[in-house]
Amino acid sequence: MAEFINTVGAMGSGKTLEAMRMRYNLARRHFGVIACKSPVDTKAETRIETRFKGRIQEDIDFLLGPDDDAIERVHAVAASLHPQAPRLALICDESQFITPQQAAQFRELTDEYGVSVYSYGIETDFQRHFFPGSQRLRELADDTIWLPSVCDGYQLGECGNQARFNTRLINGIFTFVGEQTAIDEEGSAATERPLTTYRALCGACYHLAELS
Ligand SMILES: [Zn+2]
């Protein structure tokens with residue numbers, strides 16, 4: 001039986017690492033594994049990347065653009081697999097950036113075509129609102145799994161709570177207004193323009209950051 005599992009967590013909770021682990025496991029069990037991510041995430045271009053233990057990157061099969069049909073893209077890749085796999089699985093990283101329609105296509109891939117789907121992403125933005133794709137994933141997946149991680153405490157090292165919310169910093173200063181999507185530039189070379197980074201905080205630390 002195919003399944004549709006949505007894995008979520010705050011930024012830095014190891015979602016991409018988990019996606020890589022699942023990809024490896026499925027391939028060992030003779031699934032034809034197809035990997036994609038949204039082009040909205042421009043880090044690592046056509047690869048997925050985790051910062052765990054330095055930097056690990058893996059190639060993906062396609063970028064799922066906002067106008068793309070996920071079902072067509074999966075079938076196009078599946079036709080090129082040699083030998084053709086008896087069972088297919090789709091891994092989607094940075095799944096907060098897919099559209100609600102694509103989340104519905106994931107459901108259809110599972111139910112109509114027997115493709116197991118595993119999505120990995122954050123759920124809410126820096127203002128604690130759902131990304132539209134993330135909301136639809138939660139509504140449609142068989143299960144949503146929360147990956148725990150530790151709060152990157154407002155006062156560093158003084159909090160051991162679970163991280164729940166994502167905060168945005170511009171040049172190191174917390175900000176609570178702006179566009180829903182701005183790509184994390186952690187580790188990027190310094191430039192003239194303001195640098196956007198994120199920190200994952202617990203509720204209490206998010207509140208302190210708001211007051212700061
Ligand atoms: Zn905290």
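Two residues are in contact if their C-beta atoms, placed from the backbone, lie within 7 Å. By that test, 13 residues of domain 1 are in contact with 10 residues of domain 2. On the domain 1 side, the touching residues are 5 nonpolar, 4 polar and 4 charged.

This is a predicted model. Domain 1 covers 4-146, and domain 2 covers 165-211. Taken over C-alpha atoms, their centres are separated by 25 Å.

## Overall fold

The protein has 5 helices and 11 strands. Its radius of gyration is 18 Å, close to the 17 Å that the globule rule gives for 212 residues, so the protein is as compact as a globular protein of that length.

The C-alpha trace spans about 55 × 35 × 30 Å along its principal axes. Of the 212 residues, 38% count as buried. Among contacts with a separation of 6 or more, 75% come from residues 24 or more positions apart.

## Two loop residues with positive phi

Glu94 is not a glycine, yet its phi is positive, about 55°. Glu94 sits in the loop between β6 (87-93) and α3 (100-113). Is Glu94 buried or exposed? It is buried: 24 other C-beta atoms lie within 10 Å, and the cut-off for buried is 20 or more.

Arg128 is not a glycine either. Its phi is positive too, about 65°. The loop that holds Arg128 runs between β7 (116-121) and α4 (132-140). Arg128 is partly exposed, with 14 other C-beta atoms within 10 Å.

Note on methods:
Residues numbered from 1 in each chain as written. Predicted model: local features only at pLDDT ≥ 70, side-chain atom pairs only at ≥ 80, totals over all residues. Domains from an automatic or database assignment. Nonpolar A, V, L, I, M, F, W, Y, C, P; charged D, E, K, R; others polar. Helix = DSSP H or I, 4+ residues; strand = E, 2+ residues; numbered from the N terminus. Rg over C-alpha atoms; globule rule 2.2 N^0.38 Å. Buried ≥ 20, exposed ≤ 12 C-beta atoms within 10 Å, placed from the backbone.
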